[in-house]
Amino acid sequence: MQVVDKITMFQIAVKDMPKAKEFYADKLGLKVAKDYRMDDDNWWVSLNAPEGDFTMTLTTHHGNMKTGSIVLYFKTADIEAAHKELAGKGVKVGDVMDDLYGPGSGVKFFQVADPDENMIHVAAA
C-alpha cells in the first residue's frame, strides 16, 4: 500500500501578510482561495496554482516555522517572458541561467526572493 498519493497543502511562515499576499497573488499569479484573519498574529491566506495541483498557505501563526527558510520551485511555459513580466512588476530577478538540475540538465531558470527571503526558482517547463 502506498501511504500518500500527492502533496495537497503546505504552509509558509510570513512576517507581513499584505506584502506576502501581494507578491504571491499579484506578482506570481497564484489565486487566492481563502483569506482568514483572526488578528495580525493569526492570519492565513491560501493560494492555488493555476492548475489547482496544491494549496500553499501563508501564515503569520508561525508555531515552530521560521520565515525565510523555504525553497520553492515553480514552472513556466516561457522563461524569458516570465523573467520580463516579474522584472516589469518591480521584482528583483536574477539572470536566466542554465542547468537548474545539474550540468547537462538543460533546464533554464532564474531566481527571486519573496518578501520574507524565501528562495524561489522559476524554471522552464
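Student: What volume does the second largest pocket have?
Tutor: On a 1 Å grid over the protein atoms alone, a pocket is an open set of points where a 1.4 Å probe fits, with protein on both sides within 12 Å along at least five of seven lines. Points are joined across faces, edges and corners, and the volume is the space filled by probe spheres set on them. Here that comes to about 250 Å³. Mind that this is a predicted model: local features need pLDDT of at least 70, side-chain atom pairs count only at pLDDT 80 or more, and totals for chains, interfaces and linings use all residues. Residues are numbered from 1 along each chain as its sequence is written, and side-chain values use heavy atoms, leaving out hydrogens and water.

Student: Which residues lie nearest the centre of the second largest pocket?
Tutor: Lining residues have an atom within 4 Å of a point. This pocket has 16 of them, with Phe23, Val91, Lys92, Ala113 and Asp114 nearest the centre.

Student: Which elements give two or more residues to that lining?
Tutor: Helices (H or I, at least four residues) and strands (E, at least two) are DSSP runs, numbered from the N terminus. The ones you want are α1 (17-27) and β6 (109-113), and α1 has the largest share, four residues.

Student: And how much space lies in the largest pocket?
Tutor: About 490 Å³. Its lining has 20 residues, and Leu28, Leu30, Pro50, Phe74 and Lys75 are the closest to the centre. β5 gives the most to that lining, five residues.
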